[in-house]
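Colleague: I have not looked at this one before. Can you walk me through it?
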Amino acid sequence: MPQYIVSIEADALEGDARSLVREGELRALCARVLEEEEVEDGATLTIVFADDELLRSLNRQHRDLDAPTDVLSFPAWESGLGDDEFAPPEVPRDADEPGRYLGDIAISVETAVRQASEAGLTVDLELSHLVLHGLLHVLGYDHEEPEDRS
């Protein structure tokens with residue numbers, strides 16, 4: 001079974017928001033998806049759980065949208081290191097590093113709590129959905145174009 005490194009950063013969250021992030025469950029979800037997608041052993045990614053303020057800032061900086069959002073993905077292959085946008089390439093790395101870096105995912109816990117409440121879902125389920133959504137973007141799946149939304 002392949003081993004993946006999923007770095008989860010939630011230290012900036014305050015109060016009860018930090019306790020909503022169940023790191024073990026979210027790492028296991030990522031590992032299942034990465035294995036199913038046949039991502040090579042040792043691949044790594046980072047997930048940052050934050051507040052609406054950070055997601056709004058990132059959304060403004062990267063998408064020219066001045067509003068908070070639930071999840072943003074930053075695939076490493078979009079950095080210009082690859083030729084084929086649908087086949088993320090090997091990212092050059094030092095021999096001591098564990099594997100290919102896939103990218104970063106940023107999730108607003110504030111927005112996840114609101115969306116879970118509005119949809120009648122648990123926050124755990126909403127956070128899992130957002131991690132999955134972000135991870136699929138990091139792997140090259142898209143929904144910006146109508147033909148990609150299936």
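Modeller: This is a predicted model. It has an open sheet of 4 strands in the order 1-2-4-3, and the pairing is mixed.

Colleague: Which strands are at the edges?

Modeller: Strand 1 (5-9) and strand 3 (71-75) are the edge strands, each pairing on one side only. From one strand to the next, the twist averages 15 degrees.

Colleague: And in which sense do strand 3 and strand 4 pair, parallel or antiparallel?

Modeller: Antiparallel, over 5 bridges, with strand 4 covering residues 101-108.

Colleague: Switching to helix 4. Which of its residues are buried?

Modeller: In helix 4 (residues 109-119), V109, T111, A112 and A116 are buried. They sit on the same side of helix 4, because they cover an arc of only 155 degrees around the axis. S117 and E118, on the other side, are exposed.

Colleague: What do the buried ones pack against?

Modeller: Helix 1 (16-19), strand 2, helix 3 (52-63), strand 4 and helix 5.

Colleague: Which residue caps the N-terminal end of helix 4?

Modeller: S108 does, with a side-chain oxygen 3.5 Å from the backbone nitrogen of E110.

Colleague: What comes just after helix 4?

Modeller: G120, which takes a positive phi of about 70 degrees.

Key: Residues numbered from 1 in each chain as written. Predicted model: local features only at pLDDT ≥ 70, side-chain atom pairs only at ≥ 80, totals over all residues. Heavy atoms only, no water. Pairing = 2+ DSSP bridges. Helix = DSSP H or I, 4+ residues; strand = E, 2+ residues; numbered from the N terminus. Axes fitted to C-alpha atoms, helices over the stretch in contact; angles between N-to-C directions. Buried < 20%, exposed > 50% of the residue type's maximum accessible area, 1.4 Å probe, protein only. Arc of directions from axis to C-beta. Contact = heavy atoms within 4.5 Å. Polar contact = N/O pair within 3.5 Å; in protein donor to acceptor, adjacent residues only side chain to side chain.
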